[in-house]
Amino acid sequence: MQGSANLNVMLKAARKAGRSLVKDFREVENLQVGTKGPGDFVSRADTAAEAILKDELMGARPNYGFLGEEGTQIEGKDPTRRWIVDPLDGTTNFLHGMPHWAISIALEHKGEIVSAVVFDPAKDEMFYAEKGAGAWMNDSQRLRVSGRTKMIETVYATGLPFGGAKYLPACLQDLARLLPVCAGVRRWGAASLDLAYVAAGRFDGYWERGLQPWDIAAGILIVREAGGFVEPIREGQDMLADGNVVAGAAGIFEPFANIIRDREA
Ligand code: IPD
Ligand code: CA
Ligand code: CA
């Protein structure tokens, strides 16, 4: 795909931050066995990746705004455009030496996501999309959501609430209704990749509550440009602000979303 100049800026930034994170990820393994553990090291890796992304993105587009998970918030001179960045999505995986984490970068224009990148450096998979131009992986692989239509053949991703999060009862009810009628549910620990995998047809659907804008901004566009649906769990909500999402391939979205929405009524 011939991407826009903005998309090229995003891809370059993701690769640069990816190199830094891969280097740090190798260190994590050594630190695991030490008494102090890799916790502080990982939060430094995370902050360093955000600094790289900020330098690259703001260096190329100094007038845009910036919202990053690790605390960078810049009001842009151009109030209509904003980068939304998670420098390390899947921190718990990274911390535990599991190679499933990503960098997520979205560009918002007038409240709408127009360009998106989710980069998984450990597997060298670069997912990206631009509004109206489709969703892609690496150089030239067009992404398409799955074509499955039988619920019993479908596999889903979700995020299980941790650390006392308030959504545990809701999530357990979802699982109780969904598991008997599908082929499985995974909890892989990186929301941006869960969405990218829906776009790639690997997962048939995904849902999660309590997310932040940087977890999902890029993934939402990638799913939509791959022909899938992403909606707020409670219809009519602003998805980025609300953080409760349900996504899926066209063939199963309705029955799947109904299962997730049932308890919301
Ligand atoms: C987390 C991951 C995880 C999701 C959490 C997020 P982080 O992001 O996306 O899959 O379940 O809600 O906070 O903290 O690793 O950037
Ligand atoms: Ca995240
Ligand atoms: Ca993060």
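Q: Is the crossing of α4 and α8 left-handed or right-handed?
A: Two packed helices are described by the angle between their axes and the distance between the axes. A crossing is left-handed if the near helix is turned anticlockwise from the far one by less than a right angle, and right-handed if clockwise. Here the crossing of α4 and α8 is right-handed. This is a predicted model, in which local features need pLDDT of at least 70 and side-chain atom pairs pLDDT 80 or more, while totals for chains, interfaces and linings use all residues. Residues are numbered from 1 along each chain as written, and side-chain values use heavy atoms, without hydrogens and water.

Q: At what angle do the axes of α4 and α8 cross?
A: The axes of α4 (residues 168–178) and α8 (residues 253–261) cross at roughly 140° and come within 9 Å.

Q: Which residues of α4 and α8 meet?
A: Asp174, Arg177 and Leu178 in α4 meet Phe256, Ile259 and Ile260 in α8, contact being heavy atoms within 4.5 Å.

Q: How is the pair of Phe229 and Phe253 described?
A: A pair of aromatic rings is described by the distance of the centres and the angle of the planes. Rings pair if their centres lie within 6.5 Å; planes under 30 degrees apart are stacked, over 60 edge-to-face, and the rest tilted. The centres of Phe229 and Phe253 are 5.3 Å apart and their planes at 40°, so this pair is tilted. Phe229 lies in strand β12 and Phe253 in helix α8, 24 residues apart.

Conventions. Chains are lettered from A and ligands numbered from 1 in the order in which they are written. Axes are lines fitted to C-alpha atoms, for helices over the stretch in contact, and angles run from 0 to 180 degrees between N-to-C directions. Helices (H or I, at least four residues) and strands (E, at least two) are DSSP runs, numbered from the N terminus. Rings of Phe, Tyr and Trp (its six-membered ring) pair if their centres lie within 6.5 Å; planes under 30 degrees apart count as stacked, over 60 as edge-to-face and the rest as tilted.
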